[in-house]
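Subject: Structure for you to look through

Dear colleague,

Please read them with the model open beside you.

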Amino acid sequence: MPRYAREYQKSYSNVYHVILRSINQQEIFYDNIDRSKFLKGLKESKEKYQYDLYAYVLMDNHIHLLIMDKENNLSKIVQSLATSYALYFNKKYERIGHVFYNRFKSKQIETLSYFLNLVRYIHFNPEKAGICEYNKYNWSSYQEYCKISQFVDSNKVLKMGEMDEDDFKDFHEE
């Protein structure tokens, strides 16, 4: 049976919360090398597809991304990320089969308040999961807001929220 084209509601703002979940809730990052590999792929896809990345977090069995898809390439972006990481993961761990569960989930973000709260929600995932405090977790974009940003478009978020780095930290403490 053929697979039907993905149906998702188009965002007026072109901003999406994307969630990639692992199959059977299995771990998809066994070590920091795996996480670094995914981030390298994220940076490469950002350059290739010219989207803005506002927030991310890499959890053991899922990934959250907050992106602005300027060119309507959301499916291509996520397919590129998932495929390249799955090929790496399967080769490294000598396995076959799917790494990610079904298709990715995406939710369009249309309001500034929802957008800013989603940035905070994404950053709080490690704390909510009991891993560590959100501001000590190395595999989220929070650190890029507090230091020099490497590839997250943190300045755009700070400008939208009319915040500086200190205001951003205070916003997370609220």
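In these notes a contact means heavy atoms within 4.5 Å. This is a predicted model, in which local features need pLDDT of at least 70 and side-chain atom pairs count only at pLDDT 80 or more, while totals for chains, interfaces and linings use all residues. Residues are numbered from 1 along each chain as its sequence is written, and side-chain values use heavy atoms, with hydrogens and water left out.

I begin with Tyr134, which touches His123, Phe124, Glu127, Tyr142, Lys169, His172 and Glu173, if residues up to four places away in sequence are not counted. Tyr134 sits in the loop between helix H3 (112-128) and helix H4 (142-146); helices here are DSSP runs of H or I with at least four residues, strands are runs of E with at least two, and both are numbered from the N terminus. With a relative accessible area of 4%, Tyr134 is buried (buried means under 20% relative accessible area, exposed over 50%, and partly exposed in between, with a 1.4 Å probe and protein chains only). From C-alpha to C-alpha, Tyr134 and Asp170 are 13 Å apart in space and 36 residues apart in sequence.

Next come the aromatic rings, where the structure holds 15 aromatic pairs (rings of Phe, Tyr and Trp, the last by its six-membered ring, pair if their centres lie within 6.5 Å, and planes under 30 degrees apart count as stacked, over 60 as edge-to-face and the rest as tilted). One of these pairs is Tyr56 with Phe151, whose ring centres are 5.9 Å apart and whose planes meet at 5°, so the pair is stacked. This pair links distant parts of the chain, since Tyr56 belongs to strand S2 (residues 52-58) and Phe151 to the loop between H4 and helix H5 (154-160), 95 residues apart. Both Tyr56 and Phe151 are buried. Phe89 and Tyr93, by contrast, form a tilted pair, with 4.9 Å from centre to centre and 55° between the planes; Phe89 is buried at a relative accessible area of 2%, whereas Tyr93 is partly exposed at 27%. Phe89 and Tyr93 are also members of one aromatic cluster, which includes Phe29, Tyr30 and Phe38.

Asn72 lies in the loop between strand S3 (62-68) and helix H2 (74-92) and is partly exposed at 47% relative accessibility. Glu162 is found in the loop between H5 and helix H6 (165-173) and counts as exposed, at 73%.
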